[in-house]
Amino acid sequence: MNDLKENESEFENIVKEIELGIKDHRKYKKVEIESLNNLIDRGKQILKSYKLDIRELPKTKQKPFQDKLNKYEEHIKTLENSLNWVDNKNLTTTTNEYQKMMVESKEIQQKDLKTVGKLLNKINEINNIGSPVLNEMAKQEEQMKRIDSNMEKVDNNLKMGNKYLNAIERR
């Protein structure tokens, strides 16, 4: 039980140190970030020991410590992600450079919005042209159906006429 308390205390001290380091990330150089990564690794080792110590407890007493362990593991993962973000961030970027990048990105967005607007106008223009064409095609389809129907009637009439002519010739 004392081992668990010691591990908790040591882990919480390491977490505080890491959190301070992450908050003051602008002051840190690559070397300091590496030492924070080492602290995170040490925190993970402490959690492994903590996990082993929990297993030695009777099953009835493990639950609260297991809950703490889960919370600690989640916290160390969050700290690790935060430190990775700080490490990957370009620490030399100044506020002016950041503002320039933001202005440039907004200009690109404005160009994109203009392009999208032009595309929408073209689409509307195509729709305006396409609708009357579609209506005209529907009318022509009806005409073609009527012509086809009339052709069938003429064909049937010709067949009937041939039958009558053949019948008259036989007489």
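User: What should I know about the model before reading the features?

Analyst: The model is predicted, so local features need pLDDT of at least 70 and side-chain atom pairs count only at pLDDT 80 or more, whereas totals for chains, interfaces and linings use all residues. Residues are numbered from 1 along each chain as its sequence is written, and side-chain values use heavy atoms, with hydrogens and water left out.

User: What is a salt bridge, and how many does the structure hold?

Analyst: Side chains of opposite charge can pair when their charged atoms come close. The term salt bridge is applied when a side-chain nitrogen of Lys or Arg lies within 4 Å of a carboxyl oxygen of Asp or Glu. The structure holds seven salt bridges.

User: Which parts of the chain does the pair Glu8 and Lys68 link?

Analyst: Glu8 and Lys68 form a salt bridge, at 3.0 Å from N to O. This pair links distant parts of the chain, 60 residues apart: Glu8 lies in helix H1 (residues 2–23) and Lys68 in helix H3 (residues 59–88). Helices are DSSP runs of H or I with at least four residues, numbered from the N terminus.

User: Where do Asp67 and Lys63 sit relative to each other?

Analyst: Asp67 and Lys63 also form a salt bridge, with their closest N and O atoms 3.0 Å apart. They are four residues apart in helix H3, so about one helical turn separates them. Asp67 is partly exposed at 38%, and Lys63 is exposed at 56%.

User: What is a nonpolar core, and which residues have the most contacts inside the largest one?

Analyst: A nonpolar core is a set of buried Ala, Val, Leu, Ile, Met, Phe, Trp, Tyr and Cys residues joined through side-chain atoms within 4.5 Å. The largest one here has 22 residues, and Phe11, Ile18 and Tyr50 have the most contacts inside it. H1, helix H2 (30–56) and H3 each give two or more residues to this core; the largest share, eight residues, comes from H2.

User: Which residues does Ile18 touch?

Analyst: A contact means heavy atoms within 4.5 Å. Leaving aside residues up to four places away in sequence, Ile18 touches Leu36, Leu39, Ile40, Ile76 and Leu79.

Terms used
Buried means under 20% relative accessible area, exposed over 50%, partly exposed in between (1.4 Å probe, protein chains only).
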